[in-house]
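Hi there,

Here is the structure we talked about, for you to open alongside this note. My notes on its charged side chains follow below.

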Amino acid sequence: MALTNKDPHNAREVARVLYLSGKAMRRQSRGKSIKAIENEIEAIRETAQAREDAKARGRRR
């Protein structure tokens, strides 16, 4: 279930993205790379969007 009507992410995905964002900020402040974390956040976003797109396709039929 989406967190809001306009957001494809569910509560678990939002929590995961917030956690990863904080982790990325800490790593970046220490001068370390955050590319892997950014990739993981992007994968979460893509998964959520694909799920919502599939639901929307099912509703149109």
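Let me start with lysine 55, which is partly exposed at a relative accessible area of 33% (buried means under 20% relative accessible area, exposed over 50%, partly exposed in between, with a 1.4 Å probe and protein chains only). Before going on, please note that this is a predicted model, where local features need pLDDT of at least 70, side-chain atom pairs count only at pLDDT 80 or more, and totals for chains, interfaces and linings use all residues. Residues are numbered from 1 along each chain as its sequence is written, and side-chain values use heavy atoms, with hydrogens and water left out.

Lysine 55 makes a salt bridge with glutamate 52, their closest N and O atoms lying 3.6 Å apart (a salt bridge is a side-chain nitrogen of Lys or Arg within 4 Å of a carboxyl oxygen of Asp or Glu). Both residues sit in helix H2, three residues apart, about one turn of the helix (helices are DSSP runs of H or I with at least four residues, numbered from the N terminus). Glutamate 52 is buried, at 16% relative accessibility.

Glutamate 52 also pairs with arginine 51, at 3.9 Å between the closest N and O atoms. Arginine 51 is partly exposed at 25%, and a salt bridge joins it to glutamate 13 at 3.0 Å. Arginine 51 is in helix H2 (residues 35-60) and glutamate 13 in helix H1 (residues 11-29), so this pair ties together parts 38 residues apart in sequence. Glutamate 13 is buried, at 13%.

Together, Glu13, Arg51, Glu52 and Lys55 are linked in a salt-bridge network. The whole structure has five salt bridges.

Best wishes

Key
Helices (H or I, at least four residues) and strands (E, at least two) are DSSP runs, numbered from the N terminus.
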